[in-house]
Amino acid sequence: MQVPAAFQYEKATSLDHAIELLTQYGPEARVVAGGHSLLPMMKLRLAQPEALIDINALDELALIRVDGHELAVGAMVRHAELLASPVVGEHFPILRDAERVIADPLVRNRGTVGGSLCQADPSEDLSAAFSALRATLVAQGPGGRRSIAIREFFLGPYETALDEAELLVEIRVPIRSHASAYRKVERRVGDWAVVAAGAVLEISGGVITEAGIGLTAVGARRFVAEQAEDFLRGGRPDDEAFAEAGRIASQECRPTADQRGPVDYKRHLAGELTTRALRTAAARAQGQEA
Ligand SMILES: Cc1cc2nc3c(=O)[nH]c(=O)nc-3n(C[C@H](O)[C@H](O)[C@H](O)COP(=O)(O)OP(=O)(O)OC[C@H]3O[C@@H](n4cnc5c(N)ncnc54)[C@H](O)[C@@H]3O)c2cc1C
């Protein structure tokens, strides 16, 4: 039987209260959002927090809204809500694509966007998608609020730039006229990625003015393929460029062999999925594909 070690349970009633509780209990306290990553780790005793701070009552963290020229996604927004959001579907098809292939409805109904990012699992789909989008993460702690560029947020597997008593509050992404897509290969429906790639393109006057490429499950530094992005910027959005960007991305990542496949297979997939995501993003820019 898998039974977690004993812990204190506290239900936060406001954001300030959650931060107070985190400060009071110190480094051995953890917040619990959907619990889909934390509770299995506790049952296996891979995590043994002395106190769980439940943030499920914090409705202010559960909103998706447009704020000026930015989409703001509260940390407690569930995967299913992100998937169902019309504004997300319209402006950020990469997020809609990614959410369609994250786990199953049970997990998507409970797991949160903030929990996904804070878990910093090297195979997390939203970490790659929001990194391709160059999102900004808003954290709040005893010292107030601060913004962290997502590409500065992931310090390593399961490690983020959040301080001990800080909470992730919101994820912000500028709404631009960019096109995007996410492509994933999994062993069976609802499984974690063997490899997945996300692409974001901004195109002006037939030239790529900005590119974002996110990769997951292949050891890409901070979930992105920066050399492939550099190659694309300033070039034309055509098949030849996308094939070359895929080749560069496949060389940039550092996959490891495991039950999901050998290194060469994963490297091949990283390149192929990058190319396909770029092609789809470009087609969407021209209104050819939804
Ligand atoms: C069977 C199964 C299949 C899955 N398949 C996939 C998949 O295919 N792709 C994928 O990307 N994910 C997958 N997941 C992961 C899932 O989608 C969520 O990403 C995961 O459950 C984390 O979200 P949560 O809200 O449950 O976080 P929790 O488990 O509650 O928390 C995770 C960690 O983040 C911390 N945390 C949570 N919220 C905050 C916050 N606001 N501020 C600071 N720290 C915070 C917690 O303290 C904890 O350390 C799967 C999960 C399961 C159980």
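Predicted model: local features only at pLDDT ≥ 70, side-chain atom pairs only at ≥ 80, totals over all residues.
1. Numbering runs from 1 along each chain as its sequence is written, and side-chain values use heavy atoms, with hydrogens and water left out.

2. The ligand has 29 residues around it, the closest being V31, T112, S116, E124 and D125 (a heavy atom within 4 Å counts as near). Look at the polar contacts (N or O pairs within 3.5 Å): a ligand oxygen sits 2.6 Å from a side-chain N or O of T112, and a polar side-chain atom of E124 is 2.6 Å from a ligand oxygen. The protein covers 90% of the 960 Å² of accessible area the ligand has on its own (Shrake-Rupley, 1.4 Å probe).

3. I get 25 salt bridges in the structure (Lys or Arg side-chain nitrogen within 4 Å of an Asp or Glu carboxyl oxygen). One of them joins the side chains of R65 and E170 at 2.6 Å, N to O. R65 is in strand 4 (residues 64–67) and E170 in strand 10 (residues 167–174), so this pair ties together parts 105 residues apart in sequence (strands are DSSP E runs of at least two residues, helices H or I runs of at least four, numbered from the N terminus).

4. D16 belongs to helix 1 (residues 15–25).

Conventions:
Polar contact = N/O pair within 3.5 Å; in protein donor to acceptor, adjacent residues only side chain to side chain.
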